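Please open the structure in your viewer and keep the selection tool at hand, as this tour goes from one stop to the next.

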Amino acid sequence: VIDVLGSLGESGLDLHSSIILTYSFDLVLYDGLIRRRLRHAGVVNQMVFCDFRKYQEQLHSLCAARQFGRSYSVTPVPQAAAFHPKLYMVLGRKGGRLLVGSGNTTIGGMLRNAETFGLFEYERGRDAGPHPAFRQCFEFIEQTSQKESDVVKKQLARARSWSPWLEVRTVSDHRTVLIGGPGRKSLLDQIRETIGGESIHDILVCTASVDRRLTALRELAALTKRGKVRCIVQPEQLQIDGQAVRRLGKTVEWRPFVDPYPREKKKRRDVYAHGKLLVFNCGDREVLVYGSANASKQAFLDTSGNTEIVVIFAPWRNGSTVKRLGLSGSLKGRDIAKELSEQTWGKEREDNAISYAVTLTAAVPTPNGISVYVAGGIVPDGTLLELFEIPGRRAILRGKVVPVADGLIVRLRNVPDNVRIAQLIEATGELLSNPVGLTWPGVASVQSSSGINARSEAAILAMQDGMLLGTVLFELLDQYRDFEVVRGRGSRSPQTTNQQESVIDRPVESFYTDAVPGDIAPTAWTGDRTDLDLLAALVQPLQTGMQKVKPPIDEEDEVDDSVLEEEAERREIDSKGGRATGQEKKESPNLTSTEALERASRRLRRRLDRTATAVEKALAQRKELTNIPAAGLARQIWMAQIAAFLTGREAPTSDGGLVLCLDRRHFAEFILRVCRALAGGKDGGLLHLVPKDTFGGPDGDSLKAGLSFLWTCLIFAVAEFTSLWANSPTNVHDEDEEIEYACDVWDAVPELVAARFILAVRPYCRKPDLLNIPRRLPDWDKLVEGWFGDWKLRIDHLADFIERMEKAKDIPAEPVQAKSALKVGSLVLNDALGVTALAAMGDNRKCYLVDFSRSDEENPNNALRVFFAERVKGLVLPSIVREPVWRSPEWLISESD
Amino acid sequence: MAENQDLDWLERDRQIIKGLDHLGVQVVSVNLYTLLLPGITNVTDRARYYSFYPWVLHRYAQSGKSQRGRTDWLNWIRRLEFAFCMASVAYEVASESFDATATAVVGADTARRLLRDTRENAVIDVRSAAELDASGKVPKKGAYFQNNEGGLGQYYKGSLRDLGLIATDSGYQHPDFQLTSYAGVRLAESLARDAAFNELFELATSGKARFSELASLGARVSPSAIKQRSNEEALLRNLFVANDDELCQAQDRTSRVWRRALVRLVLSYVRDSEFVEADFDYEFRWACLAGALPNGRLWRLPESLRSVVFAWGAYQRNDLLNHALECLFWVVLRRLDERPFTLKQICNYVADLACAGIPASNGHVSLPAISGTVSKWIDSCRRPTKKNQDDPWDDTSTRSWAENLDAALEDENDAAVASWAIHLLGRIVSDRGSFEKHPFEHVPQAAEMGSVHEIHFHNWLDRIKTCASEPARAFIEQLVLEWVVFRHLRVATRKLASQGVSTFKLRPEEGLLVLAAEDIPDPTFTNPRIRQAHRILGDLHLLILSKDGTRISTEGKKLLEKLS
C-alpha cells in the first residue's frame with residue numbers, strides 16, 4: 001500500500017514547498033491535518049489548486065479552517081469542464097516526491113476510499129536524476145497559474161528557485177505522465193500515441209464515474225480486436241443511465257468491485273471504489289494507465305474536457321496489474337449488467353452551482369487595500385467588493401473596485417483581521433461574482449528553510465511538560481537571590497534503563513522521603529502543577545492594558561486530549577456494569593511521547609512569539625504609555641531565561657527518540673525582537689519607560705540581572721543570525737535567483753539592534769552575564785571557538801561609535817548631497833534618529849531611515865521615517881568599526897518603489 | 001523506491017476507534033471538574049485504598065529483604081491487593097446487606113466468581129489469580145487484574161501523588177515512588193497497628209483460607225470497615241478535607257481549597273436536604289445549577305460557598321451545552337444513516353425539526369414553533385421567575401426540559417430530540433447562573449483554559465449576543481453547520497493529527513455527507529468525580545449511604561460546623 005499522508009511528511013529531503021492539484025478539496029482536513037503534517041516536515045510554502053465549483057462548496061467550512069489564506073493558498077481553477085487531477089508534490093532542496101493517483105484531498109481520497117496511487121521520488125546523491133514527471137508537472141502547474149494572483153506566482157517562483165534539481169538532467173523509467181485538458185490533445189489520443197502500433201485484444205477498466213451515454217466505454221471497446229471491455233464498478237455508488245447500459249449490450253462486461261485492501265478485518269460502510277485504471281491487453285503484455293481519469297467522455301475524449309493527469313506504464317507482462325492490485329476477486333464476480341440497466345440517471349449529483357457574470361479567483365490584501373483577480377467576465381464601473389467573515393453573514397466592509405495598471409484594486413485603509421471572504425457586487429447590490437477566500441501576501445513571504453534542515457525545522461520542539469519544566473524553574477530560581485532556594489538531598493544515580501528482571505540491593509530508607517515537591521534536587525525533579533502555574537504566571541506576555549489579547553488562532557489544534565483518558569476509563573468501566581479488568585487504560589510509559597513533546601515545543605515557540613509580539617506592540621504604543629513597572633519587563637526576561645535553557649536541549653521520548661526543545665534560530669529571533677523593543681533607538685524603547693528609581697529596588701536588581709543575561713543572549717543571537725544568512729544556500733551555492741528578504745528591522749540589521757541595546761543597558765549593567773553560561777544556554781559552545789569575544793568586541797565598537805556620534809558636537813560627517821553617495825544599508829546620522837540605517841532612497845532626494853523606536857505589526861513600513869538628504873549625514877566609519885551587514889526587509893523594498 | 005510504490009492501493013486509516021467527545025466540548029467540562037475537585041479521580045472510589053497502598057509499600061520496605069527486583073514488588077502488591085479483595089468480597093457475600101463493602105474493589109469480579117464456585121468449607125486459593133507467569137507478565141487468563149501493579153498502577157498512583165502520600169522516585173523503578181514521611185508513612189502506620197492487617201498479610205503469604213476466615217477478615221479490612229474515631233479515619237478525613245497543614249504539605253494550595261470547598265458543599269447539601277434519594281451525583285449537579293434542594297426549597301448557602309456552587313453550576317451548564325449539541329449531532333448521524341445528503345439538506349433537516357413546535361405530552365406542556373429572531377427565540381425559552389420560586393423542579397424547569405430531551409433520546413424520536421435540544425440551548429442563555437463577566441470566573445484558571453477552546457458556555461452566550469437580531473431559523477442552520485458538522489470534522493481531524501486515531505463519524509464525499517460510523521454514539525454527560533467524593537465521604541462516616549439514599553451523619557454535621 002502507499003501511505004500518501006506519510007509521503008507528505010518527514011523525508012530527509014529538506015522539504016520547503018508543496019503543491020496539490022485536486023478536484024474535491026476538504027478544507028478542514030487540509031487545515032487540520034495535511035497542512036500541519038507538511039509544516040512539521042519543513043514545508044513553509046504550501047499551495048493547493050482545486051476545481052472552481054468544488055472550491056465554492058468548501059467556503060462554508062472556512063469557520064473550521066483557520067489557517068486558510070494565511071499559511072497556504074488555495075486557488076480555484078475555473079474551466080468549462082472539471083479540473084480533475086489528483087497530484088501531490090513535495091519539493092525540497094535535496095529532492096522531492098510526486099504522487100499521482102485517484103484520491104482527492106478529502107477524507108475519502110486520503111484515508112478511506114479504495115484509491116490507487118503511484119509514487120515518483122528523487123533524492124540528490126542517491127538517484128541519477130529526477131524523473132521527467134517532476135519538471136513536466138511543475139511546468140504544467142506554472143501554466144495553470146499564469147492568470148492567478150501574484151501571491152501564487154511568487155510561491156511557485158520560490159518553489160522553483162529553492163529546488164534547483166528540477167533543472168538537472170532527467171532520468172526516465174517505465175512510466176510516462178500524460179496530461180489532458182483544455183488546449184491539449186485528448187487523453188485517449190495521447191495514450192494511443194504512446195502505445196503505438198500494439199494490437200489491443202481487450203481493455204479492463206476500473207472507474208468511479210461514467211458519462212451518461214457511455215461514449216468513452218464505447219470508444220475504448222472500438223479500439224479492441226474483440227470490441228469489448230470489462231468494467232469494474234461499485235454499483236451502489238455509480239451514477240449510470242440504465243438505458244445506455246442496455247444500448248451497449250454485450251460490449252461491456254460489468255463486474256462489481258470486490259475490495260482487495262489488505263489487513264481489513266471488516267468491511268467499512270463508507271469505502272468508495274474510487275480508483276481509476278485502464279489496462280490494455282496487448283497479448284502477452286499489457287499497458288496500464290492509472291490516475292485521475294474516469295472512463296468518461298470528458299476525461300478521455302474531449303479536447304476541451306476535464307483536466308486530468310494519468311501515468312502510463314511501458315508494456316509489462318499480461319496479468320501483472322490484476323495481480324498487483326488484487327483485482328481477481330472483482331473479475332470473478334457475476335456480471336451486473338442487468339442490475340445497472342435498471343438504474344436511472346439521477347439529477348441529484350449534477351452540477352447545481354450558481355453561475356456568475358464574473359469569475360473571481362483571488363482577493364489579496366495589500367498595504368493599500370485589496371487586489372482583486374478575475375478570470376472571466378467584465379467588471380463594470382461602480383462594482384463593489386464586499387468583505388465577510390463568514391459566508392451568508394452580513395458584510396463587514398465594502399469598497400469600490402478601481403482599475404490600476406496591473407489589474408483591479410479596492411482601496412481600503414485597513415483590512416480587519418477577521419475578514420475572510422470577498423465577493424463582487426454590482427452598484428445595485430446584485431451579486432456579480434462568486435465568493436472567494438482572502439489570500440494574505442504573507443503566504444508567499446515565509447522564510448525558506450535555508451540554513452536549517454527540515455529535520456530540525458520539524459523538530460523545533462519540545463519541552464517535557466513535567467520534568468523539564470520543573471528543572472527549568474529550579475534552575476531559574478537558582479539564579480536569583482530574591483528567591484530562597486532550598487536544595488533537596490542529593491540524587492541517586494538512576495538505574496540502568498532495563499530493570500526488567502534485575503535484582504538490586506535496596507536499603508530500607510530508600511523507600512521513604514521527607515521531601516515535598518520543590519525540595520528535590522534538579523536531576524530528580526519532576527515538577528507538578530503548582531510549579532507549572534507559577535512558571536506560567538511568570539512568563540505572561542507583557543500587558544499594557546491598551547490591547548485586547550486575542551487567543552492565538554491555532555491554539556485549539558494543540559489541545560491535549562489526554563485529559564479525557566480519565567473520562568474514557570470511567571465510561572469503559574460503567575459500560576461493563578462496573579466490571580473493571582485493568583485493561584480499560586493503557587499503562588503510560590515513564591517518558592512522554594514524541595507527539596506530546598512536539599506539542600509542548602510548539603507551545604513554547606508560540607509562547608515566545610506571543611511574548612515578543614507583546615513587547616513589540618507595547619513599543620508601538622510607547623507614546624501613549626506613561627511608565628512600565630519593572631516587574632512587567634522582568635517577565636519577558638524570565639521568558640528569555642527559559643528559552644535559553646531549552647535552546648539546543650533534547651528531551652528523550654517514550655519511543656526512544658529525542659526531541660529538540662528549541663532551535664537556535666527561533667531563540668535568536670525571540671531575543672532580537674525583545675531587545676529591539678526594549679532598547680528602541682535614540683528616542684528610546686520600553687526600557688526608557690521604566691522609572692529610574694525602580695532600578696534601585698529588589699525588582700530593579702532582578703531586572704538588571706536579567707538585562708545582563710539578555711546582553712549575553714543578544715550577542716549569541718547576532719552571531720547566530722549573521723552566520724545563518726552568511727551560510728544560507730542562496731549565498732553559498734548562488735542557486736537562488738531570488739533575494740531572501742529580512743522579516744523586520746531586527747532581522748535586517750541585527751548588529752545595530754544589539755549596539756542600541758548595549759547603549760540602553762550600559763547605565764545599569766556593567767557587562768554581559770556569563771555565569772554558568774553553558775548550563776543556562778546549552779548551545780553556547782556549539783558555535784566556533786572564540787565567537788563570543790569576537791562578536792562582543794565588534795558590537796561594543798559599534799555601540800561606542802554610535803554614542804560618540806550622537807553626543808559629539810562636531811560630527812565628522814558630511815551631509816549627503818548626492819543620491820549616488822548613499823548606499824542602502826549604510827549607517828547614517830540624523831538629528832532625530834541618531835545613528836541609523838538607510839533603508840531606501842526615494843524621489844526628490846528623500847531618504848528612508850529606520851526608526852528603531854517605532855514598531856507597527858500591521859504596517860511595518862511605519863518603522864521608516866522620511867527625511868530630505870540635507871538632514872541625513874553619511875558616516876565614515878573608523879577601521880575599528882565594522883559596518884553591519886544589511887538585508888532589506890521586503891516591505892522596505894516595496895516602499896522605495 | 002520501495003517495491004510496488006509505482007502503483008498500489010492507498011493506505012487507509014488503520015486505527016479507527018469509537019472515541020469520545022466528538023464535538024470537543026466535553027474536554028472543557030473535564031478540565032472544569034479537574035479544577036473543581038482535584039486530588040481524586042472518577043476511578044478512585046474508596047477511601048481505604050489511600051491508606052492501604054501506603055501500608056503495602058511500608059510493609060514491603062520493612063520486610064527486611066535486601067535483594068529486590070521487579071517481580072518481588074509486583075508479586076508483593078498483587079498478592080496483598082487480591083487477598084484484600086477476596087476478604088472484602090467474602091464479607092459482602094456473607095453479610096448480604098447493603099453497605100457496598102466490595103463496590104469498586106479492585107479484582108472484585110474475579111473474587112466473586114471464585115467464591116461462587118467454592119464449596120462450603122473448602123480451602124480457597126487466594127494467590128493464583130494474583131501470580132505473574134514465568135516470564136514475569138500478567139497472564140491473559142485467570143488474573144484478577146491486568147495491570148501489573150493492580151489498582152495502584154491503574155487508578156490510584158496519581159491521586160496518591162497529588163495528595164502527597166507518595167513521591168516519584170527517579171532512582172528506582174520497582175516501585176518507582178517513595179512513601180512520604182509526613183503523610184504516607186502516617187497513613188501506613190495507622191493500618192500497621194491494626195491486627196486485622198497483620199492477618200491480611202499472613203493470608204496473602206499463605207495463599208489460602210476458608211470462606212468463613214475470609215469473611216471474618218473482610219469484616220475488619222474491607223473499604224467499608226474503616227473504624228470510627230480511629231487514627232486512620234482521622235488522617236483520611238484530614239487528607240481529603242485538606243485541613244492539616246503538616247499532613248497536606250505536599251498538596252497544591254489551590255487544590256486543597258477547592259477540595260475542601262467541595263466537601264463542605266456536599267455535606268451542606270445533604271444536611272440541608274435532610275435526605276437525598278437515588279442518584280446522588282445527578283441530584284447534586286442539578287442542585288448546583290438551580291440553587292434548589294430536592295424538596296423544592298431554595299438552597300440557602302453561606303457567602304463563602306456561593307462562588308463554589310456557582311462554579312459547579314457553570315460546569316453543569318457547560319455539560320448541558322455539550323449534551324444538547326451532541327444530541328443535534330446524533331440527529332445528523334441518524335439522518336445520514338438513511339442515505340447521504342448534502343450539507344445544506346442536513347442542516348435544513350435539523351433546523352426544520354428543531355424549529356417545529358413540541359406537542360404536549362404527559363410530562364410537559366406544548367412548546368410553540370420557533371420563529372422570528374434569535375432574541376425572540378431566547379425569550380420564548382425563558383422561564384418565568386415566579387415559576388422558579390414556586391417550584392424549582394416543575395415541568396418548566398431546565399432540569400425538566402433536559403429530562404424531556406433524555407426521554408426523546410430513549411424513544412429515538414429524532415424530531416423531539418432536535419426540538420428539545422434547541423430549546424435547552426435557548427434556556428441556558430437566560431438560566432445562565434450568576435457571574436459578572438465570564439461564567440467560569442468562579443473557577444481559578446478556567447477562563448484562561450476556556451480561551452483556547454472554540455466551544456464552551458461562555459462562547460455560546462457570546463454567539464447568541466452577537467447574533468441576537470438574526471433570524472432564528474438561519475441561526476440554527478448555521479449552528480448545525482459550524483458547531484456540529486464542521487466542528488466534528490475539525491475535532492476528528494485534530495485527533496487524527498495528534499493521536500493517529502480516526503474518530504470520524506461522518507465525512508464529505510462527492511459533495512455529499514456520508515455516515516462513517518459503525519455505531520452512532522449516544523449523547524453523554526461527563527462524570528465529575530462527585531460519585532467518588534460521595535462514596536469516600538461515606539467510607540469516612542461523614543455521610544450515611546443506604547440503598548434508598550444519603551443522609552448526613554453526626555460526625556458529618558460536626559465537621560461541617562468546624563469547617564464553617
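This is a predicted model: local features need pLDDT of at least 70, side-chain atom pairs count only at pLDDT 80 or more; totals for chains, interfaces and linings use all residues.

Residues are numbered from 1 along each chain as its sequence is written, chains are lettered from A and ligands numbered from 1 in the order in which they are written, and side-chain values use heavy atoms, with hydrogens and water left out.

B:Glu274 sits in the loop between H10 and strand S7 (276–277) of chain B; helices (H or I, at least four residues) and strands (E, at least two) are DSSP runs, numbered from the N terminus. With a relative accessible area of 57%, B:Glu274 is exposed, where buried means under 20% relative accessible area, exposed over 50% and partly exposed in between, for a 1.4 Å probe and protein chains only.

Now select residues 253–273 of chain B, the 21 residues of helix H10, whose end C-alpha atoms are 30 Å apart, in agreement with the 30 Å that they should span at 1.5 Å a residue (the expected span is 1.5 Å times one less than the number of residues). Of these 21 residues, 16 are buried, so H10(B) is largely enclosed by the rest of the structure.

Next, go to A:Asp14, in the loop between helix H1 (4–7) and strand S1 (15–22) of chain A. A:Asp14 has a positive phi of about 55 degrees although it is not a glycine, and A:Asp14 is buried, with a relative accessible area of 9%.

Return to chain B and select helix H2 (residues 49–62) together with helix H5 (residues 150–162), whose axes come within 11 Å and cross at roughly 105 degrees; the axes are lines fitted to C-alpha atoms over the stretch in contact, and angles run from 0 to 180 degrees between N-to-C directions. H2(B) is therefore roughly perpendicular to H5(B), since angles under 35 degrees count as roughly parallel, over 145 as roughly antiparallel, 65 to 115 as roughly perpendicular and the rest as oblique.

As a last stop, select B:Ser230, in the loop between helix H8 (211–221) and helix H9 (231–241) of chain B, which counts as buried at 17% relative accessibility.
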